[in-house]
Amino acid sequence: MRAPRTLEVAEFPYPELESGAVLMRVTYSGVCGTDKHTYRGETKQYAGTPHERELEYPLICGHENVGVVEAVEGTVLDSEGTPLRPGDRIVPGANVTCGHCYFCLNEFPYYYCEQLADYGNSLTCKEPPHLFGGWAESMVLLPGTKIFRVPDDLPDEVAVLTEVMSVTHGLETARLLSGAPFAESVAIVGVGPLGLCHLIKARLLGCGKLIAIDRLPSRLALAEEFGATLTLPADGTDEEERLERVRGHTGGRGADVVVDCSGVPETFPECLRLARFGGVVIEAGAFVDLGPVGMNPAADICTRNVCVVGVGGETATSYVPVMQLMARNLERLPFERIVTHRFGLDRAQEALEVSQVDGSMKVLIDPRAA
């Protein structure tokens, strides 16, 4: 990606690996909401943190990856302490932390790190070894990258969802905050890939009422396939109607947990109102800074005792449990329906455009597709 809305296929020299690095042959790389923001030129990330930044072009996008170890320089261990060998099937962590700042030393989630580097985002392709994103035939994994071995019974087209599914850890936080085994009702606002993964996770955690809200009919239909008990079109309804229908579906209370995955800030105030008294709102979709919105702290949060959980990304400790969870439920849930499109490298711009329209869910880059 040379600039916003400008992509081209480029060739780079075969990389020389430093000690502790891995070269991965990419099988699939997902198109993420973050990539769509980058494509549109919406590039301010981690706003309000020590590593707030504007992305720099050119870069190779792609941080949701699954692939095969092609080469290893020295001894590199996977997340469970086993040496990696060529031919091993892996999912790499999306980020590289410094390992020595306050947050790293105290085992906070990776995105607290004060010197964070992100594949497909902050790591550009300006300097050797260039290949720091998954929209490529091969990808360089720097020393210190968390690398996770894929279970033998988990297909690549499901394993590529690991990073997205790992962002759903806010649901475990909500469970702790609610003081109950888990919520009876969870509402998802925006059921693109991230929202759908939250819906799937909520179902597997035992939630009985699953509410999906989105603009696109195909996404609502797929949410029903995964167990949504109420689907609401955002187009053709107003906020008051949606609020009334959610409350009607939840005994007049509102949802125990509301997850905002829309990717736009305008939905956040509505999410606060969709939650019941004492409910939890998880904000997982506002990774890129698109500006402020208006809300009333007294009426929307304090007097209603609503708790807000901000999620800045996945946790490294989520990768293996998520892969195991998906592998155990392959026959129970139609995971194969989540990937709707695959495009070769020369069609990456088309992949980005298709990922934003009705009829698509998770769109993949397949580097070896014609």
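**Exercise 1.** With which residue does Lys44 form a salt bridge, and how far apart are the closest N and O atoms?

*Solution.* This is a predicted model, in which local features need pLDDT of at least 70, side-chain atom pairs count only at pLDDT 80 or more, and totals for chains, interfaces and linings use all residues. Residues are numbered from 1 along each chain as its sequence is written, and side-chain values use heavy atoms, with hydrogens and water left out.

Step 1. Recall the criterion: a salt bridge is a side-chain nitrogen of Lys or Arg within 4 Å of a carboxyl oxygen of Asp or Glu.
Step 2. The partner of Lys44 is Glu52, with 3.8 Å between the closest N and O atoms.

**Exercise 2.** Classify the accessibility of Lys44 and of Glu52.

*Solution.* Step 1. Apply the cut-offs: buried means under 20% relative accessible area, exposed over 50%, and partly exposed in between (1.4 Å probe, protein chains only).
Step 2. Lys44 has 27% relative accessibility and is partly exposed.
Step 3. Glu52, at 39%, is also partly exposed.

**Exercise 3.** Describe the salt bridge between Asp256 and Arg276.

*Solution.* Step 1. The two side chains meet at 2.4 Å, N to O.
Step 2. Asp256 belongs to strand β13 (residues 255-260) and Arg276 to strand β14 (residues 275-283), so the pair ties together parts that are 20 residues apart in sequence. Strands are DSSP runs (E, at least two residues), numbered from the N terminus.
Step 3. Both Asp256 and Arg276 are buried.

**Exercise 4.** Which residues are linked with Asp78 in a network of salt bridges?

*Solution.* The network joins Asp78, Asp88 and Arg149. In total, the structure holds 21 salt bridges.

Note on methods
Helix = DSSP H or I, 4+ residues; strand = E, 2+ residues; numbered from the N terminus.
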